[in-house]
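A pair of aromatic rings is described by the distance of the centres and the angle of the planes.

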Amino acid sequence: MTDRFARTDGSTTHPCNTTEGLRCGGSWRGTIQHLDYIQGMGFDAIMISPIVQNVEGRVQYGEAYHGYWVQDMYALNPHFGTHQDMLDLSKAVHDRGMYLMVDTVVNNLAYITNGRNPATSIDYSTLSPFNDPVFFHPYCKITDYDNYPLAQTCWTGDDVVPLPDLKTEDSQVQSMLMDWIRKMMTTYSIDGLRLDAAKHITPSFLPLFDNASGAFITGEVFEPSVKTICGYQNDLPSVPNYPIYYSILEAFTKGNTSSLTNQVEVMKQTCSDVTALTSFSENHDVARFASFKDDIAVRQRTRVTLTSINR
């Protein structure tokens with residue numbers, strides 16, 4: 001997460017109020033300065049936060065430090081750096097023989113309403129390039145996230161920062177998104193993408209977007225169901241391996257080790273290419289793994305074991 005990783009000035013004592021969700025000042029230039037550290041740990045790729053401009057302003061739970069509250073898809077996030085900084089990061093990564101992945105938001109844009117009715121309070125003219133309500137689904141609240149058709153047409157977010165939901169089934173919206181991703185991939189020599197909120201995107205658009213990107217994509221589907229996760233490989237080559245994540249928790253926090261081995265076998269039999277799924281023990285949407293245990297000694301042993309598994 002770019003804002004939380006490294007500042008341009010190298011400071012490790014600069015005020016950083018994570019409790020209130022405020023920006024800490026991490027930048028692409030700061031990331032460049034720590035590539036020795038990253039590569040020295042054996043990593044051959046980095047993934048950074050969404051790079052485009054977000055809405056400005058502070059709400060009750062913070063600012064857009066994370067990069068997911070998109071306002072202008074064709075402008076870079078000035079809090080992370082400049083066009084030249086982004087070019088320099090891409091070059092620095094590739095000069096080391098490493099790969100650059102970028103987190104990407106195409107399901108929605110964002111607007112701060114601070115409690116006003118999202119159905120009537122969005123000024124679409126401030127959003128780019130989708131500056132008209134015709135590009136978005138009419139406002140409705142997701143009442144059941146397991147209802148995929150509902151989750152793909154209603155809005156995520158809340159009435160503080162609603163996330164206007166793009167009509168990703170619409171041919172004009174699809175064309176605009178594909179033109180945009182082609183430009184981003186070419187301009188910054190991006191090697192791969194994490195596709196945020198893939199679960200909320202029209203499934204038939206996913207392979208079109210994948211093809212337009214011309215690169216590896218792993219699409220976020222926050223779901224423990226093996227059937228659902230494996231089914232998404234009909235539309236995308238990869239999604240994060242949440243079924244294995246939950247089995248890792250069972251194995252290493254509850255002692256149910258058979259859960260992990262059994263789940264591995266089930267996924268081998270169910271998924272078209274289980275090796276393409278992205279395995280993880282932590283990510284930015286879930287609690288830190290060590291937080292599930294109070295015993296510090298157990299935390300340390302677990303971390304060593306998980307490191308060995310991930311390698």
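Tyrosine 242 and tyrosine 245 both belong to helix H9 (residues 242-253) and are three residues apart, about one turn of the helix. Helices (H or I, at least four residues) and strands (E, at least two) are DSSP runs, numbered from the N terminus. Phe222, Tyr242, Tyr245, Tyr246 and Phe280 make up one aromatic cluster.

The model is predicted: local features need pLDDT of at least 70, side-chain atom pairs count only at pLDDT 80 or more, and totals for chains, interfaces and linings use all residues. Residues are numbered from 1 along each chain as its sequence is written, and side-chain values use heavy atoms, with hydrogens and water left out.

In total, the structure has 14 aromatic pairs. Rings of Phe, Tyr and Trp (its six-membered ring) pair if their centres lie within 6.5 Å, and planes over 60 degrees apart count as edge-to-face. Two of these pairs are listed here.

| Pair | Centres | Planes | Type |
|---|---|---|---|
| Tryptophan 28 and phenylalanine 80 | 5.9 Å | 65 degrees | edge-to-face |
| Tyrosine 242 and tyrosine 245 | 6.0 Å | 85 degrees | edge-to-face |

Tryptophan 28 lies in helix H2 (residues 28-32) and phenylalanine 80 in the loop between strand S3 (70-76) and helix H4 (83-95), so this pair ties together parts 52 residues apart in sequence. Tryptophan 28 is buried at 0% relative accessible area, and phenylalanine 80 is buried at 2%.

How values were computed. Rings of Phe, Tyr and Trp (its six-membered ring) pair if their centres lie within 6.5 Å; planes under 30 degrees apart count as stacked, over 60 as edge-to-face and the rest as tilted. Buried means under 20% relative accessible area, exposed over 50%, partly exposed in between (1.4 Å probe, protein chains only).
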